[in-house]
Structure formats: structure tokens, C-alpha cells
Amino acid sequence: MLLVISILSSLRNVFLPLAGDEITYARIAENIILQGQYHLDGKPTAITPVIPFFLAFFYTTNNPEIGFMLAKLFNLGFVFFGLRFCFLFLKKLNLDPNIAILVLLLTVVNNNFTLWISRLYPEAMIFC
């Protein structure tokens with residue numbers, strides 16, 4: 001139940017507008033789509049390319065918000081793969097399944113995890 005509450009509380013970020021670095025990633029993605037260049041403000045950028053490429057992949061001209069939501073949900077998929085890998089790793093260490101589940105629950109209910117689980121930041125890829 002605790003896992004479900006944590007995931008549901010983090011899903012609110014899927015419907016929120018972009019903020020912070022997400023706006024920069026969206027501008028880079030727009031340059032990738034429209035100009036074919038990995039640039040920001042007309043100059044090459046050194047920002048990690050993972051998230052701008054996700055945004056460019058899900059880019060829609062009619063309704064950009066749908067593309068942002070799809071990119072956030074895709075990023076959320078990497079979080080689930082990371083959780084699965086973490087559980088399988090703990091199981092491979094011959095830990096009691098209850099302990100493995102408790103470690104996952106401790107990870108999932110962490111405030112930082114809940115904050116970035118559905119935001120467009122590269123932490124989900126790193127976790128995966």
C-alpha cells in the first residue's frame with residue numbers, strides 16, 4: 001500500500017508544466033527537431049543529451065504537452081526497470097525476500113525518489 005501511495009503521489013508531476021532544467025531540455029529538443037542541431041541559443045551545449053533526445057522523440061507539433069507527458073511516462077518506465085533490477089540484485093545476494101522488499105520500500109518512500117520519479121531529469125536513467 002505504501003508503494004502505491006508513493007507512486008500515485010509522484011504521478012502528479014506528469015500533469016504539471018515543465019519547470020527548471022526541463023525547460024532547457026525542451027528548448028534543446030526543439031532545436032534538434034527544427035534545425036537538426038544539438039544547440040541552445042545558437043551555441044553547442046554540454047548538457048547531458050538523454051532527456052532532450054527523449055523529448056525530441058516524443059515531440060508533437062499539434063500538442064506539445066502530450067509529448068512532454070509521454071516523455072515523462074517513458075522516463076517513469078526506466079524507474080520501474082531500475083526497481084526490478086534492484087529487487088533481482090538483492091534476491092541474487094540470497095537475502096530474505098522480505099528484506100529485499102523492505103529495502104525497495106525504503107527507496108520508494110524517500111522524498112527525493114518521489115520528487116524525481118516522474119520529472120524529466122536523468123536520475124531515472126542513472127537509477128535504471
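Where do Phe 85 and Phe 89 lie, and how many residues apart are they? In this predicted model, both belong to helix α4, with a spacing of 4 residues, about one turn of the helix.

Among contacts between residues at least 6 apart in sequence, 61% join residues at least 24 apart.

The aromatic rings form 6 pairs under the rule of centres within 6.5 Å. In one of them, the ring centres of Phe 54 and Phe 74 are 4.9 Å apart and the planes stand at 85 degrees, so this pair is edge-to-face. Because Phe 54 lies in helix α3 (residues 50–57) and Phe 74 in helix α4 (residues 64–92), the pair ties together parts that are 20 residues apart in sequence. Phe 54 counts as buried, at 13% relative accessibility, whereas Phe 74, at 35%, counts as partly exposed.

The rings of Phe 85 and Phe 89 have their centres 6.4 Å apart and their planes at 20 degrees, so the pair is stacked. Phe 85 is exposed, with a relative accessible area of 54%, and Phe 89 counts as partly exposed at 44% relative accessibility.

Finally, Phe 54 and Phe 74 also belong to one aromatic cluster, which they form with Phe 57, Phe 58 and Phe 78.

How values were computed: Residues numbered from 1 in each chain as written. Predicted model: local features only at pLDDT ≥ 70, side-chain atom pairs only at ≥ 80, totals over all residues. Heavy atoms only, no water. Contact = heavy atoms within 4.5 Å. Phe/Tyr/Trp six-rings, centres within 6.5 Å; stacked < 30°, edge-to-face > 60°. Helix = DSSP H or I, 4+ residues; strand = E, 2+ residues; numbered from the N terminus. Buried < 20%, exposed > 50% of the residue type's maximum accessible area, 1.4 Å probe, protein only.
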